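Here are a few exercises to work through with the model open in your viewer. Try each one before reading its solution.

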Amino acid sequence: MSHIAPIPSPGAELTPAADPAATPALDAHGRDPAAYDWVPVLRKRRKDGWSPDKQRAFIEVLADTRSVATAAQRVDMSESSDVQRA
C-alpha cells in the first residue's frame, strides 16, 4: 500500500480537499479508534474483580498509554491481574 497520493491525469476534474474537522483522528495504524467497540468476552463471572466495565476501562487506558501498570492502577487492579488493589 503506497502512502503517495496519485497524480490526476491531465484534464481530470479536481475535487476539493476534505474538511479536516470532518475527518476522524486516526491512530498510528491509520484506523479510526471510534469505529471499534471493544466487547469483553465473558465466559463465566469472574471473582477476582475484573468486571466487564473494569475490563473495558483497562483496555481503553492501555490503548491510550501503552502501559499495563498505568492501566491497572487506573482501574484499581494489580498488574498481575489476580488481585484487586486495596
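Predicted model: local features only at pLDDT ≥ 70, side-chain atom pairs only at ≥ 80, totals over all residues.

**Exercise 1.** Find which residues of helix 1 are buried and how they are arranged around its axis.

*Solution.* Buried means under 20% relative accessible area. In helix 1, K54, Q55, F58 and V61 are buried. Looking down the axis, the buried residues fall within an arc of 135°, so they line one face of helix 1. Remember that an α-helix has 3.6 residues a turn, so residues three or four places apart point the same way. Next, the face turned away: D53, A63 and D64 sit there, exposed. Finally, the cover over the buried residues of helix 1 includes helix 2 (68–74).

**Exercise 2.** Locate R66 and D76, and say whether each is exposed or partly exposed.

*Solution.* R66 is in the loop between helix 1 and helix 2. R66 isn't a glycine, yet its phi is positive, about 60°. With a relative accessible area of 76%, R66 is exposed. D76 lies in the segment after helix 2. D76 isn't a glycine either, and has a positive phi of about 55°. Its relative accessibility is 43%, so D76 counts as partly exposed.

Terms used: Residues numbered from 1 in each chain as written. Heavy atoms only, no water. Buried < 20%, exposed > 50% of the residue type's maximum accessible area, 1.4 Å probe, protein only. Helix = DSSP H or I, 4+ residues; strand = E, 2+ residues; numbered from the N terminus. Arc of directions from axis to C-beta. Contact = heavy atoms within 4.5 Å.
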